[in-house]
Amino acid sequence: MDIAGIAKKFIKGKTFSLLCMLMLIIVFFWYFSPNHSFLSVTNIVIILNSMVLFILFAVAVSMLIISGEVDLSPGFIGTAAGATMAALLEGGTVPWFVAVIICLLMGIGFGLINAVLVNKFRIQSFIATLAVGTFLARGFSFIVSGGRAIPVRDPVISWLGTARIGDVVPVTVLISLAIILVYGTILSKTKFGRGVYLCGGNREAARLAGLNPKKLSYLLFANSGMLGALAGILFVARIRSGNLDGTNAFSFPAVTAVIFGGISFGGGSGKMLGCFLGLLIINAFNNGLTIMRVSPFWQDVASGLLLLLALTLDYISTRRANRASIPKSARRLKQEG
Amino acid sequence: MERTLEFVNISKAFPGVQALNDVSVQVKGGRVSALMGENGAGKSTLLKILSGDYVPDGGCVRINGEEKNFTSPYQSIKASVSVIYQERQLLNAMSVMENVFIDDLHESKFGFLNKSELRRKTQEIIDSFELPVKPSDIVGHLSIAHQQMIEIMKAYRRDSDIIAFDEPTAPLTDREIAVLFRLIGKLKERGKIILYVSHRMAEIFQITDDIVVLKDGQLVTTFETSQTNEAELVKAMVGRDIGDTYAGIRRNDKIGDTLLEVKNLVTEDINNVSFTLRRGEVLGFAGLVGAGRTELMRAVFGADPVISGDILLEGKSVNFKSPKEAIDSGIALCPEDRKTQGLVLSRSIRDNISMPVLPKLSKRLFMDTKAEESLAASAISKFAIKTPTAEKLTLELSGGNQQKVILGRWTSNLMDTKILILDEPTKGIDVGAKAEIYQLIHDFASQGIGVILISSELTEVLNVSDYIIVMRSGRITGRLSRHEATEERVIELSMMD
Ligand SMILES: Nc1ncnc2c1ncn2[C@@H]1O[C@H](COP(=O)(O)OP(=O)(O)OP(=O)(O)O)[C@@H](O)[C@H]1O
Ligand SMILES: [Mg+2]
């Protein structure tokens, strides 16, 4: 395709509209923030720092959404993993890396339970993962922690939560960026990633063409549980305590951010870059409101408005595109382009 | 007053393609008008403009002299226009009656569905279509042919003045086609305007009165059906003489030893079936809807479970638990229904073609994009798939070109195929390309590949195959060599109890 064609396609695509929105937000808050502090290095690091856990959860969830499923459990798995981590380290006899491995395996275990419920018992993933998250994982957190907040004093884990490279960039930020980069590459450049799209687009056609959608589903749920557990570990490392709320509250916002980034339910399309931009937009926006000292109550309202605005813009642009060429049936797929 | 439908200077472009270019056509009530043209000529696009799904870039539609600018299917239905799309638009999880009455669900006084009324009316329609289904059957569980009939019922029920059929017979067997043609005859008697798209030549001469020919989005000519013949029509469509489709095949005549042996196979739908396929043989399977041909092949391919029986590949007993195992052993199955079993519509042509050979396209960790590009490019040129780029989503291709993508997938040179199973391979494919596919089948055969051909187009099975097996209700009712097989004989066997 010629350069003009590629440019045209890009402009119509989702990535472009997300970039535009990001630009708008940056310019707006840069202009209105006190001393233009919105774009200071410190503030950019603050924004990236606020994204760390969201990135892990969103990566986990987007892989599953592209494959045609959804996972609402990783936030709860994160809490369970965090509580377990704190409990294991409490006595001071378990080395930190053993605790980390146990917690990651536990996350994988919860993920596999999701996979069995979805693939063997054919329960809708929305329900299955919600049940596993809110009952199994949460119940587990209670049992492990005995209902109390357990302080974490392990030096390595504390370092993980607070260390900054060159005194500027937190290690956790680097970890999260590395993870989204790796998963983005897997998704767009490897056979495995292609399989995720194909199985999500048409499971039966993929199976008949020699792919293994079931195996893929098990792998993705396990992966999601593992990333959830990793997020839980980072969370505990940061606040140095395993408690009962942990990362529970992250489950739904992660899904929202993924959808915001153009990875839609139904599967078969969407990009990790969109997911990243979606997260960046949401977090930059919230940060901007904070530094402009908007009260938290109004922040919620504003976030809601942002979401509505995004959806409206999407609607208008796809409707225009439709008038030009796209059939009704194709519209949903087109906008993710 | 006689009804008329005019397309006036219609143009429509998609990125990289001018699908329709200044097309003006007029058709009249009480006549069946055929729309003909190669794959991607713009037939379906024209019908989607009529249905209000697409808005033309230029030009307009006039009904009975009155200009109409539909911007949604809702409006066209209200204006008494029904278009039956090439791809089924059914709600698979819903019942037959809910699908048939989708835009007119009967309500009782309190706004609840009046199910008994709905059931009664649906049953009436089912009776006139002579179908063995119940109003409460879930559509997704029906055979593809019956689903297609439900799709037609949906439009038939509205009793619109204008009814357009976009390749209605592609998934149907003779029995349903006979019913459909009777119904079309009745609609015609009542003065309705009927547009009819098909790639099956015989049908065109059987039921149409006028023929409109499109090529590359432009109107070529119009014929009165009685004033033309097949050769002239094909020439107008393709732009050159292609000769006799079947007589022109350079057949493979070297048939070797046994490649596949199926013994006493029993599955949920198959009752004790045995057959053998030899190297270089083209083995045709004929039968009606529900004969079990598709199910038999799916079982051989590892897509459906086998209850009992043996499958021997080159003398070795095999028992594939998944299509992947069958593919790895050299069996390829090009499935019956491109929408549900074939394509991943949300992905590009390239992605769809490379599906079964992904492991071979993986270089160390990453996909070998160059090799994949060239694989796609060779399929696009081999089948003359009409597209500006390999990146185009298969969703945006014309029906026939979608079918070519699936054929391209299963015949790519990275596949180590020993047995090629083709289930309705020419569904939706134009005359010119059909001839090339028949040739391709025999080219494969001459390389020693065993080809199994399932087709509901009887002339196709009879003329392309070396040997023909007829099935009915999950059993084999007859085996004929090419020389013994006649249409009458095959029809008789496919109805035999
Ligand atoms: N939604 C779309 N987006 C992009 N291109 C499209 C779209 N719909 C159709 N086209 C292109 O327009 C051209 C005409 O397609 P159309 O479906 O009308 O062909 P057709 O005559 O019905 O062919 P067939 O016999 O294969 O069904 C094709 O090249 C097709 O790729
Ligand atoms: Mg078409």
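Select A:H36 to begin, and you will find this residue in the loop between α2 (14-32) and α3 (41-66) of chain A, where helices (H or I, at least four residues) and strands (E, at least two) are DSSP runs, numbered from the N terminus. The model is a predicted one, in which local features need pLDDT of at least 70 and side-chain atom pairs count only at pLDDT 80 or more, while totals for chains, interfaces and linings use all residues. Residues are numbered from 1 along each chain as its sequence is written, and chains are lettered from A and ligands numbered from 1 in the order in which they are written.

Phi of A:H36 is near 55 degrees, a positive value in a residue other than glycine. A:H36 is exposed, with 12 other C-beta atoms within 10 Å; a residue counts as buried if 20 or more other C-beta atoms lie within 10 Å of its own, as exposed if 12 or fewer do, and as partly exposed in between, with C-beta atoms placed from the backbone.

**The open sheet of chain B**

Now select β2, β1, β4 and β5 of chain B, which in that order form an open sheet of four strands with antiparallel pairing; two strands pair if DSSP finds at least two bridges between them. The edge strands are β2 (17-28) and β5 (66-68) of chain B, each of which pairs on one side only. Neighbouring strands of this sheet are turned by 25 degrees against each other on average, direction ignored. Helix α1 (residues 43-50) of chain B packs on the sheet, where it touches β1, β2 and β4 (58-63) of chain B, and its direction makes about 115 degrees with that of β1(B). Axes here are lines fitted to C-alpha atoms, for helices over the stretch in contact, and angles run from 0 to 180 degrees between N-to-C directions; two residues are in contact if their C-beta atoms, placed from the backbone, lie within 7 Å.

To look at one pairing in detail, select β1 (residues 4-14) of chain B, which eight bridges join to the antiparallel β2(B). Within this pair, B:E6 stands opposite B:Q26 of β2(B).

**Around ligand 1**

Centre the view on ligand 1, and ask which of the 25 residues around it come nearest. They are B:F14, B:S44, B:T45, B:S398 and B:G400, a residue being near a molecule or strand if its C-beta atom, placed from the backbone, lies within 6 Å of it. Residues from chains A and B surround ligand 1, so the site is shared between chains. In chain B, β2, α1 and α14 (399-410) each supply at least two residues of the shell. The shell divides into eight nonpolar, 13 polar and four charged residues, where Ala, Val, Leu, Ile, Met, Phe, Trp, Tyr, Cys and Pro count as nonpolar, Asp, Glu, Lys and Arg as charged, and the others, Gly among them, as polar.

**Two domains of chain B**

Colour chain B by its domain assignment, which gives domain 1 (4-238) and domain 2 (258-495); such bounds come from an automatic or database domain assignment. The C-alpha centres of domain 1 and domain 2 of chain B lie 29 Å apart, and the contact takes 28 residues from domain 1 and 23 residues from domain 2. On the side of domain 1 of chain B that touches domain 2, the elements that give two or more residues are α5 (144-158), α6 (174-189) and α8 (230-238) of chain B. The shell around ligand 1 draws at least three residues from each of these two domains of chain B.

**A buried strand**

Finally, select β13 (residues 282-287) of chain B, a mostly covered strand in which six of the six residues are buried. B:V282, B:G284 and B:A286 point one way from β13(B), and B:L283, B:F285 and B:G287 point the other way. Four bridges join β13(B) to the parallel strand β20 (residues 450-454) of chain B, in which B:L453 is the bridge partner of B:G284. Five bridges join β13(B) to the parallel strand β21 (residues 467-472) of chain B, in which B:V470 is the bridge partner of B:A286.
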